[in-house]
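Here is a short report on one protein chain.

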Amino acid sequence: MNQPHQAHGTTSALALGALGIVFGDIGTSPLYTMKEVFGGHHLALSQGNVLGILSLIFWSLMLVVSVKYVSIMMRADNKGEGGILALLSLLQGHAPLGSRLRWALMSLGFLGASLFFGDTLITPAISVLSAVEGLEMGTPVLHPFIVPLALGILVGLFLIQQHGTASIGRLFGPVMLVWFGVLGLLGILSILQHPQILAALLPIHAVHFFAAHGTASFFILGAVVLAITGAEALYADMGHFGRRPIQLVWFAYVLPALVLNYFGQGALLLSNPEAVRNPFYMLAPEWALFPMIGLATAATVIASQAVISGAFSVTRQVIQMGYAPRLIIHHTSATEAGQIYIPFVNWVLAIGIALLVLGFQSSSNLAAAYGIAVTATFAIDTLLLGLVMRAQWDLDPRLTVAVVLFFLAIDLSFFGANVVKIPDGGWFPLLAALVIFTLLVTWKHGREIVAQRLRQMAVPLAPFVESLLANPPTRVTGTAVFLTADAKGTPAALLHNLKHNKVLHERVVILNVRHADVPYVPADRRMEMTTLAEGFYHVVIRYGFMDDIDIPNALSECPCGMQFDLMDTTFFFSRENLIATRGEGMMLWREHLFAAMARNAASPMSFFQIPANRVVELGAQLEI
């Protein structure tokens, strides 16, 4: 059974692992943030402007990342797991099934998950492009090679996913250890030449900046937010490394390194306005340019790997929560359950990211599309956090409202500043999120309609078993397992098998796989068995949304005295051929969409890890 992070690894080892995985996105933001703030908005390089922007960046890191995510949200864990879906599962127990509140919560949570996928498309593209663009700092002759090189790196990254990242992952921590160390060192060297830049630690400079620029300062927040993209990953990856290692690494190493680098870039801009072309790379000595490009490229590849792995993990959670069709999932590690590879997701991301690189051509153009999905996710997290504070923590309503309104004001300010980016590329992550959200809710609603239709047609199980005992058919040796979603109805595959083959196995198991609103289900609560009659059994197997599903393995560990010999067991599935019809149900186009998703879903044998030679599929038509 899968176990959370606490089962293995010391704090220092987990901290190094967290450094390599968790902080890749936010850790590569210095590559482009200051460049976009001043270059993208043509902001004058005056002392007041530089101090104001640095103050905004510093307090954004402190309030949004340090206080909201690292200090508060990490306390809202679901048995050690974090992320928007874990947060959502915490709240489901406080909303009755079928209630409007539960529907609203689920919609809000899966909208956030959809926005995450929109953000996942942009992060690798902007990160790798910004790193490779350092080549033209060495010589403009290399400019035509930037896009092809970035594409080559990204395509190579997606090609290796099928082989797993365990061996590469061992290098992630040490590389990022060097990366953040270099960030901090370069920042210190620049700050020592202009120590007055440290005045930006005072929030009064941010206030003066807003006062001096009025409405324009609000829109500049759309570039400032680039400094905190990746904040949600700190919370989402808590299940892999634990709260304490992530908090330790953030406050002791990553946050100081980022602040020092941003302030070092600010000091450089005041002394050399020409550095606005690329303040990150010009912060390094001339002799160190190409080593820095290599290090930055490695860091952005690691950041990209982190979001790709995150997309695989979230997809698995969405599938097991019933909001997406089954997809083929490969496990790339024999020891680490979280290391998975989903081919469909991998190549959809690869195509989307390649189109982004070809379409936008530069990190500056991509910055126009970056931020709107991130900031919308920030706001959704804040709303869900407020509900957890009341429902789970039972905090004073006034304190809860004050905290939510404070962080929501920050989140919505960033979101509003990014809304103006929609015509310049911000539409892309929103469109991607809208498409994914439509797919998720269509699949969930469609499955509910199918389940309702099947319940209406189903023969009650208990009377059916009694009738078989009264008039027994021919019994054959072996075990037959019939998978069904409705524990009270007779599986259609069982009816078809009797109708066409006119035999019944000596052991018949009605198997119901259920998904719990927790990350992991303990071994002693995994399986429940009820004897319906002699030779008839009802088995329930429960999985959490982070568990690996393996039906044969679960049955082999059945604590109920039955011995399951896989070579003497046949699994029967009923596959419905869905027909879209006008009338009740969904709109016709959604019914066609749902039917297409069902046809292209992975077979149950692949998803449940059942050998194909032990499976019999029986089909039936069903109007939706």
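Helix 16 (289-320) and helix 26 (604-607) each supply at least two residues of the lining of the largest cavity. Helices here are DSSP runs of H or I with at least four residues, numbered from the N terminus. This is a predicted model, in which local features need pLDDT of at least 70, side-chain atom pairs count only at pLDDT 80 or more, and totals for chains, interfaces and linings use all residues. Residues are numbered from 1 along each chain as its sequence is written, and side-chain values use heavy atoms, with hydrogens and water left out.

A cavity is a set of points, on a 1 Å grid over the protein atoms alone, where a 1.4 Å probe fits but cannot get out; lining residues have an atom within 4 Å of a point. Grid points are joined across faces, edges and corners, and the volume is the space filled by probe spheres set on the points. By this rule there are two cavities of 30 Å³ or more.

| Cavity | Volume | Lining by class |
|---|---|---|
| Largest | about 100 Å³ | three nonpolar, four polar, three charged |

Ala, Val, Leu, Ile, Met, Phe, Trp, Tyr, Cys and Pro count as nonpolar, Asp, Glu, Lys and Arg as charged, and the others, Gly among them, as polar.

Which residues line the largest cavity? They are Arg316, Gln320, Ile329, His331, Asp547, Asp548, Ile549, Ser606, Phe607 and Gln609.

The second largest cavity is lined by Leu151, Leu154, Val155, Phe158, Ala350, Ile353 and Ala354. Helix 8 (146-159) and helix 17 (343-360) each give two or more residues to this lining. Helix 8 gives the most, with four residues.

Finally, confidence. The mean pLDDT (the predictor's confidence in each residue, from 0 to 100) of the protein chain is 85, and 94% of its residues reach 70 or more.

How values were computed: On a 1 Å grid over the protein atoms alone, a cavity is a set of points where a 1.4 Å probe fits but cannot get out, and a pocket is an open set with protein on both sides within 12 Å along at least five of seven lines; lining residues have an atom within 4 Å of a point.
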